[in-house]
Amino acid sequence: MANKKLIPSIGKKFGKWTVISESRIYLGGNTKWMCECDCGNKSSVAMNNLMNGNSTQCQRCSAKERGLKKRKGLGKISGEMWNQITRSKSVDITIQEAWDIFVSQNSKCAVSGREIEIYGYPYDKEKTTAILCRKNIDDYYWLHKDVSNLKPFAIAHDDWIRLIIEVANYQINEEK
Ligand SMILES: [Zn+2]
């Protein structure tokens, strides 16, 4: 049963749309109404899309809404930063888990103890020194940017640390 109150008329609101023109446009059997979005954009909208709630705002506003949802961040990690991280490497943890790990490390590199910082709002990749790295197969930690460059993706944490100690010991002995 169609709700009679929903039938478009001038001034009636459907979401952000306000019907502004009675002049109907018949296109492919669809009755369209001129509407104005709250943002000022005007567009003709099919009556059935207005009435069943398929169209509640202009394309620009719905694109903005989608963008805002996608950009939801957590802690210092902005959605924009998280998007970039997960685009550049396969990450199996959530933004929540990544942030929890950062907090548990007290803003320090897990391997070197160096201070690490995140500039998430807006995301500044140059200034951000914290890099999320794979520790083991299903384990992650945050390393200082310079340290992360030394951590091969395929090498497990313990093997890598052994390697670093070997290098350090060899260098110390060479210096003597
Ligand atoms: Zn709009």
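Reader: In which helix is Glu80 found?

Author: The structure shown here is a predicted model. The protein chain has 6 helices and 6 strands. Among these elements, the one in which Glu80 is found is helix H3.

Reader: Is Glu80 buried, exposed or partly exposed?

Author: A residue is buried if 20 or more other C-beta atoms lie within 10 Å of its own, and exposed if 12 or fewer do. Glu80 has 16 C-beta neighbours inside 10 Å, and therefore it counts as partly exposed.

Reader: What distance separates the C-alpha atoms of Glu80 and Ile165?

Author: Along the chain, Glu80 and Ile165 are 85 residues apart.

Reader: How far apart are the centres of domain 1 and domain 2?

Author: The protein chain is divided into domain 1, residues 4-60, and domain 2, residues 70-175. Taken over C-alpha atoms, the distance between the two centres is 50 Å.

Reader: What radius of gyration does the protein chain have?

Author: The C-alpha atoms fill a box of roughly 90 × 25 × 25 Å along the principal axes. A compact globule of 176 residues would have a radius of gyration near 16 Å. For the protein chain, however, the value is 27 Å.

Reader: Which residues touch the most other members of the largest nonpolar core?

Author: In soluble globular proteins, nonpolar side chains tend to be buried together. Here the largest nonpolar core has 19 residues. Helix H3 (79-88), helix H4 (95-104), strand S5 (130-136) and strand S6 (139-144) each give two or more residues to this core. The members that touch the most others are Ile77, Cys109, Ala110, Trp142 and Leu143.

Reader: Which residues does a second, separate core include?

Author: This second core is separate and consists of 9 residues. Its members include Trp17, Val19, Cys37 and Leu50.

Reader: With which residues is Ala110 in contact, leaving aside its neighbours within four places in sequence?

Author: Ala110 is one of the residues that touch the most other members of the largest core. Once its neighbours within four places in sequence are left aside, its contacts are Gln105, Tyr141, Trp142 and Leu143.

Reader: What is the bridge partner of Arg134 in S6?

Author: S5 and S6 run antiparallel and are joined by 6 bridges. A hairpin through 2 residues connects S5 to S6. Within this pairing, the partner of Arg134 in S6 is Tyr140.

Reader: What is the bridge partner of Trp33 in S4?

Author: Strand S3 (residues 30-36) pairs with strand S4 (residues 42-46) in the antiparallel sense over 5 bridges. The two strands form a hairpin with 5 residues between them, and Gly40 in the turn has a positive phi of about 105 degrees. In S4, the residue bridged to Trp33 is Val45.

Reader: Where is Arg114 found, and with which residues is it in contact, leaving aside its neighbours within four places in sequence?

Author: Arg114 lies in the loop between H4 and S5. It counts as partly exposed because it has 16 C-beta neighbours inside 10 Å. Its C-alpha is 55 Å from that of Phe14, a residue 100 positions away in sequence. Leaving aside the neighbours within four places, the contacts of Arg114 are Lys108, Cys109, His144 and Val147.

Reader: Is Asn106 buried or exposed?

Author: Most residues other than glycine have a negative phi, and most peptide bonds are trans. Asn106, in the loop between H4 and S5, has a positive phi of about 55 degrees although it is not a glycine. Because 9 other C-beta atoms lie within 10 Å, Asn106 is exposed.

Reader: What is the omega of the peptide bond from Tyr121 to Pro122?

Author: Pro122 is placed in the loop between H4 and S5. The bond from Tyr121 to Pro122 is cis, and its omega is near -10 degrees.

Reader: What is the count of buried residues in H6?

Author: Helix H6 covers residues 157-175 and reaches 27 Å from its first C-alpha to its last. In the protein chain, 20% of the 176 residues count as buried. H6 is hardly covered, and among its 19 residues the count of buried ones is 0.

Methods
Residues numbered from 1 in each chain as written. Predicted model: local features only at pLDDT ≥ 70, side-chain atom pairs only at ≥ 80, totals over all residues. Domains from an automatic or database assignment. Core = buried A, V, L, I, M, F, W, Y, C linked by C-beta atoms within 7 Å. Contact = placed C-beta atoms within 7 Å. Pairing = 2+ DSSP bridges. Rg over C-alpha atoms; globule rule 2.2 N^0.38 Å. Expected span 1.5 Å × (residues − 1).
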